[in-house]
Each structure stands twice: as C-alpha cells, then as structure tokens.
Amino acid sequence: MAKGIYVSATTPGSGKSLVALGLADTLHRHADRIGFFKPVVNGSDVASDPMVALMKARFDLDDDRCRGALTFAEVRGLLAEGKREEIDSRCVEIFAEMSRHCDVVIVEGTDLTGQDAAVEFDLNARLANNLAAPVVAVVGAKGLTVAEAVDAVEVARKELLAERCALLAIMVNRAEPAAVDAIAAAVRPGSSGRPVYVLPELEDIARPTTGEVAAALGLGQVAGLPDLERDVHSIKVAAMSVANFLHVLDDGALVIVPGDRADVLVACLASSFSPEFPVPSALILTGGLAPEANIYSLLAQAPFPVFAARDDTYVTAKRVSEVRSEIWSGHRRKVASALGLWSKRVDEAELIERLHLPRPERMTPLRFLHELIERARSQRRHIVLPEGKDARILRAAEILHRRDVCGLTVLGRESEVREVASTQGIDLTGIDIIDPATSELRERFAQEYAKLRAHKGVDLAKAQEVMLDGSYFGTMMVQLGVVDGMVSGAAHTTAHTIRPALEFVKTREGVKIVSSVFLMLMPDRVLVYGDCAVNPDPNDEQLADIALASAETAAQFGVEPRVAMLSYSTGGSGTGEAVDKVRQATELVRSRRRDLPVEGPIQYDAAVDAAIAESKMPGSSVAGQATVFVFPDLNTGNNTYKAVQQSSGAVAVGPVLQGLRKPVNDLSRGCTVEDIVNTVAITAIQAQSTEIQSTDIPSATPSSVENQPTEAKA
C-alpha cells in the first residue's frame, strides 16, 4: 500500500492547503507517482472540490490518483446517525484503491470550520490512524503572540499523541512576519528532535483576486478586460467628488461605485490610460444601476474587469471585505507565491529524510520542469530580461520572483515598463528595472564595447549608440558580470538576440561554434536534440563540436549522455558525402572524449529501439538507448523535433544555447509565460556552472565567431 501523509489543521484558518501544495511539489520530485486524497470536501459535489481540481491540474493527476470521498453534509449525517465506522470504511476503501496507482498519497483533512471543531479534530485523528498515515499538523498563528503560538504547538502535539497519531511534522503557518524568527527560536522540537517549521502570513496569498471577489458575490462581468487574476490591493468606495476620489485612488484598488456615477466611471478609465495615475483592479457597479449606453462603450475599452451588482453600495462593500483568498483558486501567481514561501522556510531534504521514500525510477516532464525550478533556486543567480515592454516577459518575471527562483533585472524605460505592468495587473515589486538610455552603466559598457570592437572600426560614439539596444546592453551586463545570464527573443529574432554574444562574449575554450539543443521531455525520460535552431549545415568539425556540447548540456541537466550521430545510414552500410561527414564527426568526438559513449552514423530507429538496434548494431553501448541525438543539419533537426513534439505529445524545452562563455538564451517569438519561466531557470542553472570570469581571453578569433550563422527562430 502507498505511504500516506495526513495534513491536519489543529486550528481554524490554519492555511493547511498551502502545506498540502508544498508537500505535493516536494514529493513530486522524489516519488514516481504521487496522489492527493481529500476525505471530506466542503462543497455539495465530491467531484468538483477546488483543491482536488488544483492538484489535478498542477501535477497532472488523473481520477485514480486525485479524488475526494464524502461531502461535509454526508459526514454530518453519518455522525448524527452514529455511523462513524461507515465514514472510516468508505475513506479506507477509496485510499486503498488509490494506493494501487500511487507511491505516496497526500491526504488533506478538514478545515475545523464546522460547528464543532473538537468533533472534526477527532475525525481527522481517527482517519489518519485508520489510513496508517503519519500526520503533518498545521497550527494557524494568525493573530497570535509568540507565546500563544508556542503554546498552540504544544497543545497540538499533546492532543495528537493522545489520539495515538504518528506525528511526522508540525508546521506553524500564517504567523505575523515580524514574529516568525522569534516563534522559530521559542518553539520546542518534539521527542525526535526534528525542527518545527514556521511560515509567515504572505500578502500575495492573502489578497483576493478580482475573480475570487466576483465568484464570492455572484457578479457578472459587463465590460472591460476579462482578467480575473488581478490582485485586489485595497477597496475604495466612490462616495466623493471625482477630484477627491482620484486623490485616494491607488494601484490595484477595487472601486465600488453606483452604476449611475458616470463621472467616477470615466475618471477611473482615464486614470488607467495615464502612466502618471493608478490603475484599478476592477470596478463594481452597484444598485443594479446601468450606465448610459455611451458610457458602456467607453468601459468596454477598460484594461480591467467591470462587474455589476444588484446590492447597494454599502452591502456590496461589506460583502467584498469578507471575501477570503484561497490557494485552491488556482491562480498561478498565488501558487507561485505559496511555493516560493515553502522553499524559503522548509528544509525539503530534511523533510524527505523523515519519509524514507524509494528513489523515483522515471523522469516525467512535470518532474523535470519542477526540478529545473528547484535547481535554479538552490544557487540563486541573477538574470536580465531585455524586453521589458512585453507583457509575457513581465508576467514571467513576477512568477519567477514570487517563486524566489533567481534575481531579475528588466530593461526598458521605467515609465513604459510600469505602464504595461499596471495595465496588465502585474506586480513588479522586488524586480530591478534599468533604462539603458539613462543608466550610469551605459558609459562604462560603451567604453568596453568600443575597446572590444575597435578592430571593426567602432569608436566611442558608435558604441554609445549601440548600448541603447537592450540586447547589447543586456549582453554586456552578462559579459562584465553585472548579471549572470540573459534571456531574450520573445519580441526579436534569434540573430538579434545572440549576435551581441557572438561579437564579444565569444565561445568557451576549445569550442568553435555556438549551437543549440532542445530538451525533449518524453512521458518517462528526457532526450536531448541538437542542433535544431542555429547552424544550417555544419561540417564534420562543427558537428563534432555540437555533439560534445550537447553531451555536456545533457549531463548538466541530469541526463546521462549516450550520443547518437544521426544519418540515413547505420554503421558502414551507406556511403556518400553526407554519411561520410557524420562518420568523420563521430571519429573526432571519440578522439576528443574517449570516455563518452558515441555511435555514428546511425539511423534514428536504431538509436532508440533496442530490438532494431540488436539487428542493425549489436553490442553497441549507444544503439537502442541513446539519450543525445545529433542531427546532420538544421533542416533535419528542426523538422524532426517539431514532428516528435506534435505527434507524440512530447514537451520541447528550448532552444538552449551552448558553447558560449556565459549563458545567453533565445526565446521563440510565440513563447508562452511558462516557456519564459523554464528558459530563465535553465539559464540560471547554466550560470551556476559557469566558472570562466569575464576577464578571461576569448577562445575564438573575431572572424570565426562573427561568421557563425544564426538561422532558425524555432
């Protein structure tokens, strides 16, 4: 049977869902198959519980591995009838069914918000024992002093032990931020000597979103942008003149106003389009009053949602003030904040040590992407994003910052960057914004560029002009060690992104060309494809370079490199210029890395299928089990990775540039926010292993680097 972990609240409003989410994120990287089970759900339908839905979506769980058992109403009825055993029996039965599909199951108990918290506590303790699941007890510390929080931990510990529960861990959640360290120092470890983790209340999580407010009040949207993820920073009731109201309006305010106050509605709209004035998170038109038709036409252009309420202004404001934010709403920014907080406050290695989980055997796409984030976070680096006017870049930056993945600098005119952020409801707090045109770094960068490009006739005046370009400015930040890496290309070509790096970052020692790979995330493993984005027709020496760099990249991301040099022929069966090129490249790889398993020329089927490999290339250490695939040219590589991606459902992460002395990576112009997050994490990991300092002598001559093609925008 799978190991169960029972997350149990010991006080109402403990925020245990954050702990359940953090545990799931941790365990997903340390077990092949995780599950989530909620014995008692709050709604009227077991199948539609929002926490179950969040876990399904977040960790790609099917119904066999993520489900609820009983509604709270059903449990109350069974308790009233004295049928406690039936509750236990049904929950144990469902848990046993799930165990057949899981290695570890996170069980989330009730919220202790019913009429009798003591009965719920007893119910949770009994279920934990019947499921043989050790308990992670969550103590809510909101509003408690240090002494009260410490006492609450002791009470929880004694009560759970009195119920004969196996106590895996105690976590104090929602503590006052200023009191976190004091609570952590004062709270006593249990008999095991293991630490009690203390997590602060986090405003990013506590603030409701416009979508949560609309759902709680049953509001319909009547105009504006359908953005339901905007945080509500404050609530403003428009009961004064426009001049006075604009004086108190601030960014992210939810404005509650009678529907017939055309002056306030137009003022809010005008404010949102002016970079000097704040942008509301939403408007709620109260009293069932509808604006005139021409006002509706204006509100249709609002960069925030506009809702209508039948209640009057007072009742609406009171109801809005009572809305609670919940992690299970699924908003990715709240999830990012929750996971960022978890990683900062919880020692995952220590927690995993308590569980004694078997080592996972498969590398799923989701686990690989989660591990990217954790590896990037383990040694934080600083990444620059030159395209500060692209909303996707800013959304990704916000998520990366909330998850505490790396330090970030965004380039662009600050007023323009903040205007985009305000219009889109993006919070850039904690993220540096630099305008190359006004930055004090520009002169230093121009002098360095003029020195490095003097052989090309670049003088200081020309260099100063060049440094206005975000790609050049960002790359020079990398070159001089101001930041550790750069990610660009969401709004620019591949050539524009990597040309500056080719000009003065240059390639590493022993590497003649810059190339790329895609990390192909298959259902149960990760493969590496190169080069699919940069070099149109590499010669044998360049192909060998690509193979060696791809093997190094594979190892860097936890893939044991076994290199297949692909061709339309396997072994010695074929002849011709194209096959000979691959054969010669293979020999060059062997001569430079005798320890590296490499085979070529080899066809794709012989490289991946053990049965075909046995007939075409028996005894090979690569055939049938290759992990790194080197394509003979860009045409083959680019088409193959896209064919595999589209036909098999594989996730393609990249292109990841390789061979540069310092990490610079390119984005597709069709990239999503998730693509940007993953690429930044990859760049941060590359920066962790970059040991060459900016003062080192470039390894390639200017002419050999500058003539390199930058072909495909993948």
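Modeller: Buried here means under 20% relative accessible area. Keep in mind that this is a predicted model.

Colleague: Got it. So is Phe 629 buried or exposed?

Modeller: Phe 629 has a relative accessible area of 0%, so Phe 629 is buried.

Colleague: What kind of aromatic pair do Tyr 604 and Phe 629 form?

Modeller: A stacked one. The distance is 5.0 Å centre to centre, with 25° between the planes. Planes under 30 degrees apart count as stacked.

Colleague: Where do Tyr 604 and Phe 629 lie?

Modeller: Tyr 604 lies in helix α25, residues 604–608. Phe 629 lies in strand β21, residues 628–630. The pair therefore ties together parts that are 25 residues apart in sequence.

Colleague: And Tyr 604, what does its relative accessibility make it?

Modeller: Partly exposed, because the value for Tyr 604 is 28%.

Colleague: Which residues do ring pairs link into a cluster with Tyr 604 and Phe 629?

Modeller: Tyr 529 and Phe 631.

Colleague: How many aromatic pairs does the count come to?

Modeller: The count is 9 aromatic pairs. One of them joins Phe 445 and Phe 473. That pair is tilted, at 4.9 Å centre to centre and 55° between the planes.

Colleague: Which helices hold Phe 445 and Phe 473?

Modeller: Phe 445 is in α19, residues 441–452, and Phe 473 is in α21, residues 470–479. So this pair ties together parts 28 residues apart in sequence.

Colleague: Is Phe 445 buried or exposed?

Modeller: Phe 445 is buried, at a relative accessible area of 0%. Phe 473 counts as buried too, with 0% relative accessibility.

Colleague: Switching to strands. What is the order in the open sheet of 5 strands?

Modeller: The order is β8-β12-β11-β10-β9, and the pairing is mixed. The edge strands are β8 (220–224) and β9 (234–237). Each of these pairs on one side only.

Colleague: How are neighbouring strands of this sheet turned against each other on average?

Modeller: By 25°, direction ignored.

Colleague: How many bridges join β10 to β11?

Modeller: There are 5. Strand β10 covers residues 253–258, strand β11 covers residues 282–286, and the two run parallel. Val 255 stands opposite Leu 283 in β11.

Colleague: Which strands does helix α9 touch?

Modeller: Helix α9, residues 210–217, packs on the sheet and touches β10, β11 and β12 (305–308). The direction of α9 makes about 10° with that of β12.

Definitions and conventions. Residues are numbered from 1 along each chain as its sequence is written. This is a predicted model: local features need pLDDT of at least 70, side-chain atom pairs count only at pLDDT 80 or more; totals for chains, interfaces and linings use all residues. Side-chain values use heavy atoms; hydrogens and water are left out. Two strands pair if DSSP finds at least two bridges between them. Helices (H or I, at least four residues) and strands (E, at least two) are DSSP runs, numbered from the N terminus. Axes are lines fitted to C-alpha atoms, for helices over the stretch in contact, and angles run from 0 to 180 degrees between N-to-C directions. Contact means heavy atoms within 4.5 Å. Rings of Phe, Tyr and Trp (its six-membered ring) pair if their centres lie within 6.5 Å; planes under 30 degrees apart count as stacked, over 60 as edge-to-face and the rest as tilted. Buried means under 20% relative accessible area, exposed over 50%, partly exposed in between (1.4 Å probe, protein chains only).
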